[in-house]
Amino acid sequence: MYENILIPTDGSKTANVAVEHAVDLAAKYGATVHALYVVDPDWLAYSLGSEQLDRIRQGNIGEMDELEADAAEATGVVADAAREKDIEVVEAVRGGTPHKIITTYADSNDIDLVVIGSHGRSGVRRALLGSVTERVLRSTHLPVLVVDEQRED
Ligand code: ATP
Ligand code: MN
């Protein structure tokens, strides 16, 4: 049923709870887990120059050490959890608008299930769902498992 499971992660606590679900399902189905971290230029609008922001918008995040470290930390959580269970893992980092990159990645990598957190690192709890998750749900036909951090069992 599931061969390629996508876990988009922003490194947040909720995303890391979603990782546990993704990895558990991957182990049961013998699936590959894809960890995708999207560098969103809008997060960085105040901390980077316009040249760097344009590079990220074009999908090029190379040679930006700090961004790469954040990305590697987030996807590394998935990689570590997967290796513990002998699951194949693909780590991917892209620059751009998160929900667009997530759905494009899913379409071009034979993804058959997306496992995503209900909220992310902005941590605002007013909304039922974070905006990235809401937009992913609206823009994909794939099954999506939304994991809330309060339900850890
Ligand atoms: P908002 O961003 O709307 O202020 P939020 O940060 O609480 O709210 P989302 O950004 O929608 O909520 O995060 C929900 C889930 O979406 C995360 O747990 C993670 O799985 C995924 N996600 C969010 N941002 C990214 C990103 N930049 N790259 C990859 N996955 C992401
Ligand atoms: Mn967010």
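This is a predicted model: local features need pLDDT of at least 70, side-chain atom pairs count only at pLDDT 80 or more; totals for chains, interfaces and linings use all residues.
1. A pocket is an open set of points on a 1 Å grid over the protein atoms alone, where a 1.4 Å probe fits, with protein on both sides within 12 Å along at least five of seven lines, and lining residues have an atom within 4 Å of a point.

2. Of the 29 residues lining the largest pocket, D10, W43, P98, S131 and V132 lie nearest its centre.

3. Around ligand 1 there are 21 residues, of which P8, H119, G120, S122 and S131 are the closest (a heavy atom within 4 Å), and by class this shell has 9 nonpolar, 10 polar and 2 charged residues.

4. A nitrogen atom of ligand 1 is 2.8 Å from a polar backbone atom of V38, and a nitrogen atom of the ligand is 3.2 Å from such an atom of T9; an oxygen atom of ligand 1 lies 2.7 Å from a polar backbone atom of H119 (N or O pairs within 3.5 Å).

5. The second largest pocket is lined by 13 residues, with L44, L48, E66, L67 and D70 nearest its centre, and this lining has 7 nonpolar, 2 polar and 4 charged residues.

6. Residues are numbered from 1 along each chain as written, with chains lettered from A and ligands numbered from 1 in written order. Local features need pLDDT of at least 70, side-chain atom pairs count only at pLDDT 80 or more, and totals for chains, interfaces and linings use all residues, while side-chain values use heavy atoms, leaving out hydrogens and water.

Conventions:
A polar contact is a pair of N or O atoms within 3.5 Å; within protein, one must be able to donate a hydrogen and the other to accept it, and residues adjacent in sequence count only if both atoms are side-chain atoms. Ala, Val, Leu, Ile, Met, Phe, Trp, Tyr, Cys and Pro count as nonpolar, Asp, Glu, Lys and Arg as charged, and the others, Gly among them, as polar.
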